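Try each one yourself before reading the solution.

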Amino acid sequence: MTRIKIAYVLSAALVLFVLYFGSGYVFFPETQTGGFGLPVMPSEGDPILAVKGVRDIGTALVVLALLLFRNVRALGWAMLALAFIPFGDMLIVLTHNGSVGAALGIHGATCAVMVVISALFLIRPAQNGQ
């Protein structure tokens with residue numbers, strides 16, 4: 001399997017993962033509130049949970065659209081830019097007395113996976129010994 005095919009498979013898996021969790025925040029917030037990593041989360045009726053879900057779904061749809069257009073460069077740059085979202089979530093959890101495990105294991109790991117995927121799309125192999 002080539003580097004680009006691996007990146008496409010990982011991107012598709014990430015889209016499904018983010019759609020699953022984003023939909024959960026919109027439609028079933030009571031099942032998601034503990035998984036973010038903050039010591040206190042809004043109650044299930046709080047609209048901020050839906051805002052987070054919509055943000056996640058929008059992110060996944062951007063990646064899905066770029067996957068469907070098969071534009072490797074655009075997908076790589078978009079994935080790198082979108083990696084700021086889980087990085088920011090990680091910082092929020094770490095700076096608000098949240099779970100270090102959740103900050104690093106959920107948000108940090110998601111950010112790292114997105115950076116790796118973007119590198120797979122963006123790094124060009126050397127040609128003719130250059």
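Predicted model: local features only at pLDDT ≥ 70, side-chain atom pairs only at ≥ 80, totals over all residues.

**Exercise 1.** Work out how the span of helix H1 compares with the expected one.

*Solution.* Start with the limits: H1 runs over residues 3-27, so count 25 residues using the DSSP runs. The expected span is 1.5 Å times one less than the number of residues, and for H1 this comes to 36 Å. Now check the model: from the first C-alpha of H1 to the last is 36 Å, close to that expectation.

**Exercise 2.** Find the buried residues of H1 and say which helices they pack against.

*Solution.* First apply the cut-off, under 20% relative accessible area. That picks out Ala 7, Tyr 8, Ser 11, Leu 14, Val 15, Val 18, Gly 22, Gly 24 and Tyr 25. Next, look for their partners: these buried residues pack against H2 (29-32), H3 (47-69), H4 (72-82) and H6 (100-122). For the spacing, remember that an α-helix has 3.6 residues a turn, so residues three or four places apart point the same way.

**Exercise 3.** Take the "transmembrane region" features from UniProt and check the spans 48-68 and 75-94 against the model.

*Solution.* The unreviewed UniProt entry places this feature at residues 7-28, 48-68, 75-94 and 100-123. In the model, residues 48-68 are 100% helix, and their end C-alpha atoms lie 30 Å apart. Residues 75-94 are 95% helix with 0% strand, and the ends of that span are 29 Å apart.

**Exercise 4.** Describe the largest nonpolar core, then look at what Val 63 touches.

*Solution.* The core has 19 residues, and Val 63, Leu 75 and Met 79 have the most contacts inside it. H1, H3, H4 and H6 each give it two or more residues. Leaving out residues up to four places away in sequence, Val 63 touches Ser 11, Val 15, Leu 75, Met 79 and Leu 82. There is also a second, separate core of six residues, including Tyr 25, Leu 49, Val 93 and Ala 103.

Notes
Residues numbered from 1 in each chain as written. Heavy atoms only, no water. Helix = DSSP H or I, 4+ residues; strand = E, 2+ residues; numbered from the N terminus. Buried < 20%, exposed > 50% of the residue type's maximum accessible area, 1.4 Å probe, protein only. Contact = heavy atoms within 4.5 Å. UniProt positions renumbered as here; feature names shortened; annotations may be inferred. Core = buried A, V, L, I, M, F, W, Y, C linked by side-chain atoms within 4.5 Å.
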